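Here is a short report on one protein chain. Keep the sequence and the 3D view open while you read.

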Amino acid sequence: MITRAAVVAEAREWIGTPYHHQATQKGVGADCGGLVAGVAMALGIVPPTWWRDTFEPAFGGYGKQPFNGSLSRVCESFMARVHDEPAPGDVLLLRFAAEPQHMGIVADYRHGGLSMIHALKSVAYVTEHRFAIAWRDRVVGVYRMPGVE
């Protein structure tokens, strides 16, 4: 069993990792999906070769603006959908436009409430900030990685 706190702690170790499309390497580069996958691989939730052996053949080559439900399919195939309010360690699926195109990991905000850890191109690296209403309004799904309690 992996704790929610372990997911959050590992995700926080990625803060400052430069944004790099389709990358999954802490301190080197990650995009939003690569952060989630990298955390899962680092914690042994999935094998260390999961991105190369499982993700890439099924979902690789996604664009910088994922479309046709690609991120939804990734989440549905890899994680369990949560129908409760997001909690630390959960994964958020968000949209900026018509369909989901972003992911982040929920954390406990040091000033109270929740925060979100994610790789954001406009910021240029993995960052953490309060999970404000503007972000909550973009959520289209909350997921839990396998074995996380």
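At 25% relative accessibility, Gln22 falls between the 20% and 50% cut-offs, so Gln22 counts as partly exposed. Gln22 sits in the loop that links α1 to β1 (24–25). Its phi is positive, about 65 degrees, although Gln22 is not a glycine. Most residues other than glycine have a negative phi. Ala124 is another residue other than glycine with a positive phi, near 85 degrees. Ala124 is placed in the loop between β6 and β7. With a relative accessible area of 42%, Ala124 is partly exposed.

**Confidence**

This is a predicted model. The mean pLDDT of the protein chain is 91, and 93% of the residues score at least 70. Confidence is highest in α1, at a mean of 98, and lowest in α3, at 78. Where pLDDT is low, the predicted coordinates should not be read in detail.

Start with α1. Its buried residues are Val7, Val8, Glu10 and Ala11. Seen down the helix axis, the buried residues of α1 fall within an arc of 165 degrees, so they line one face of the helix. They pack against α2, β5 and β6.

Now take α4. Here Ser70, Leu71, Val74, Cys75 and Phe78 are buried. These residues cover an arc of only 135 degrees around the axis, which puts them on the same side of α4. An α-helix has 3.6 residues a turn, so residues three or four places apart point the same way.

**The nonpolar cores**

Which residues touch the most other members of the largest nonpolar core? They are Met103 and Met145, in a core of 34 residues. Several elements give two or more residues to this core: α1 (4–13), α2 (32–42), α3 (50–59), α4 (70–78), β4 (91–95), β5 (100–108) and β6 (114–120). The largest share, seven residues, comes from α2.

Look at Met103 itself. Leaving aside neighbours within four places in sequence, its contacts include Cys32, Gly33 and Val36. Leu71 and Cys75 are also among the contacts of Met103; both residues are buried in α4. Other contacts of Met103 include Val91, Leu92, Leu93, Leu94 and His118.

Another core lies apart from the largest one. It has 10 residues, among them Leu92, Val106, Met116 and Leu120. In soluble globular proteins, nonpolar side chains tend to be buried together.

Seven of the seven residues of β6 are buried, so the strand is largely enclosed by the rest of the structure. Leu114, Met116, His118 and Leu120 point one way from β6. Ser115, Ile117 and Ala119 point the other way.

| Strand pair | Sense | Bridges | Residues between strands | Positive phi in the turn |
|---|---|---|---|---|
| β5 and β6 | antiparallel | four | five | Gly112, about 100 degrees |

Ala107 has Ser115 of β6 as its bridge partner. His118 has Thr127 of β7 as its bridge partner.

His118 belongs to strand β6. Is His118 buried or exposed? It is buried, with a relative accessible area of 0%. Its side chain makes a polar contact of 2.7 Å with the side chain of His102. A polar contact of 2.7 Å also joins the side chains of His118 and His129. Beyond four places in sequence, the contacts of His118 include Leu35, Met103, Gly104, Tyr125, Val126 and Trp135.

His129 lies in strand β7 (residues 125–130). At 21% relative accessibility, His129 counts as partly exposed. With neighbours within four places left aside, His129 is in contact with Tyr109, Ser115, Met116, His118 and Trp135. His129 and Val106 are 23 residues apart along the chain, and 10.0 Å separates their C-alpha atoms.

Conventions
Residues are numbered from 1 along each chain as its sequence is written. This is a predicted model: local features need pLDDT of at least 70, side-chain atom pairs count only at pLDDT 80 or more; totals for chains, interfaces and linings use all residues. Side-chain values use heavy atoms; hydrogens and water are left out. A nonpolar core is a set of buried Ala, Val, Leu, Ile, Met, Phe, Trp, Tyr and Cys residues joined through side-chain atoms within 4.5 Å. Buried means under 20% relative accessible area, exposed over 50%, partly exposed in between (1.4 Å probe, protein chains only). Contact means heavy atoms within 4.5 Å. pLDDT is the predictor's confidence in each residue, from 0 to 100. The arc is that of the directions from the helix axis to the C-beta atoms. Two strands pair if DSSP finds at least two bridges between them. A polar contact is a pair of N or O atoms within 3.5 Å; within protein, one must be able to donate a hydrogen and the other to accept it, and residues adjacent in sequence count only if both atoms are side-chain atoms.
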